[in-house]
Amino acid sequence: MSKPVVLIAEELSPATVDALGPDFDIRSVDGTDRTALLSAIADANAILVRSATKVDAEAIAAAPKLRVIARAGVGLDNVDIKAATTAGVMVVNAPTSNIISAAELTVGHILSLARHIPAAHAALAQGEWKRSAYTGTELYEKTVGIIGLGRIGALITARLQAFGVEVIAYDPYITSARAQQLGVQTVSLDELLERSDFITIHMPKTPETVGMIGAEQFAKMKPSAYIVNVARGGLIDEDALHDALVAGTIAGAGLDVFVSEPPRESPLLGLPNVIVTPHLGASTDEAQEKAGVSVAKSVRLALSGELVPDAVNVAGGVIDPYVRPGIPLVEKLGLLFSGLATGALTSLDVEVRGELVDYDVSVLKLAALKGVFTNVVSETVSYVNAPLLAEQRGIAVRLITEADSPEYRNVITLRGALADGRQLSVSGTLTGPKQIEKLVGINGYEIEVPIAEHHIVMLYTDRPGIVAVYGSRFGEAGINIAGMAIARREAGGQALSILTVDSPVPAEVLDAVREEIAADVMVEVDITE
């Protein structure tokens, strides 16, 4: 039998080829040569790329034998994930390959800001001896604020503590026990902004976090404070940052990422109190080698039919066909769970009831964790790092199976305890020949709603006229209600209403409805595949 063809479209380390081993026909092509790429990919079972090769719908359509696209790095902007998924092609990346490199670059930016290293170098290189012009500040006994205390944030904490700094953090999804373990005090975002001498941001880029540091936040910072972004372009409002730097609202900034890259026309580049690098977070020999070796191992697993931990679009591996449809359902339940959570999670039970318990359902626990963490951490979440993310946050996770399922053939429930003492549960099932994904329970309230992209969950005192109120207000705002379910335990008690809407609801509309109906809970939850 002929060996599977693995196409390497960009220069990768020798260790990458070694990790692939002798079981493949390894070929090379210049991925930036479009004609050559489309010709070579026709016979490929797998392709390994970095960031320069565009594996778009055209390339995928030209590769009928393709089973896996491997990106030796974190970002996937050059891969059409939707087209790959439609074609049944697995997409993998190396989500943990650059965390040390990113943490070290962050520390480098902080030190460069504190001691004006780039400007002092430039002046001396031009023959200018300006010692007094570049008087800096020590890190010792300063306060460093970390926004997002995930894996990279924890690495930065460990490195900065050697300088004798106080580390404080804002992360609504980390428990106080985990923060205490790291030697970090958790505070509100406002307190972090007010107290910190240096701030570094490590949040995921979501609609909620884009522009999360803007004019209002800069106004709360010390005039002597510095801010660093080595995470995602757009987390900081660049126009507001420019204004704050020019006005002296803050002392300076270190940036490795930008809204538009390269930032050729950005006014930030001309400011003397800004240090910039061209997206170097993963640009170390070690990170590149880790990335190559990681995706090579994933390719081996994918082409042998095994579970691929770093698959970003499908769950690979030896999973029974009866279990497989439950994977996307449970991921969405995880997204719903985190969207409804009012605080940090301390424990999570993944309860599987029904005929599914006759099969290996361990992948469903991984799927639940992947969904729970997807929108709340800065790292790319996969099946391999989701359990580690839970462990780092001190979250106890259990998989519970029970054959008895009186209401549905199978039902899966995510049940968790939150740091504020509250309990939260969401339940889902698959129904009918088309295996429709449905939400069938929230906190013990029985409902049955097909899972969609946009839901609004409300909890309020049951009384006449409530539906008319929110129906009218959403209608006036141009929000179409596509579906609705209401559940209650007794007349006049608490009622839970869940709406399916066709588009996101502006925050001001939600606030107005919450006030008018005196809702105890009013949450919009977005679920994207």
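Which strands does helix α13 (residues 326-340) lie across? The legends below take this up. This is a predicted model, in which local features need pLDDT of at least 70, side-chain atom pairs count only at pLDDT 80 or more, and totals for chains, interfaces and linings use all residues. Residues are numbered from 1 along each chain as its sequence is written, and side-chain values use heavy atoms, without hydrogens and water.

View 1. Helix α13 lies across β19 (454-461) and β22, at about 145 degrees to β22. Helix α17 (residues 507-517) touches β19 and β22 and makes about 150 degrees with β22. Contact means heavy atoms within 4.5 Å. Axes are lines fitted to C-alpha atoms, for helices over the stretch in contact; angles run from 0 to 180 degrees between N-to-C directions. Helices (H or I, at least four residues) and strands (E, at least two) are DSSP runs, numbered from the N terminus.

**View 2. The order β20-β21-β19-β22.** These 4 strands form an open sheet with antiparallel pairing. Strands pair if DSSP finds at least two bridges between them. β20 (481-488) and β22 (521-526) each have a single partner strand, so one side of each is left without a neighbour in the sheet. 7 bridges join β20 to β21 (residues 494-501). A485 has I498 in β21 as its bridge partner.

**View 3. The parallel sheet.** The order of this open sheet of 5 strands is β2-β1-β3-β4-β5. Its twist averages 20 degrees from one strand to the next. Strand β1 (residues 5-8) is joined to β2 by 4 bridges. I8 has S28 in β2 as its bridge partner.
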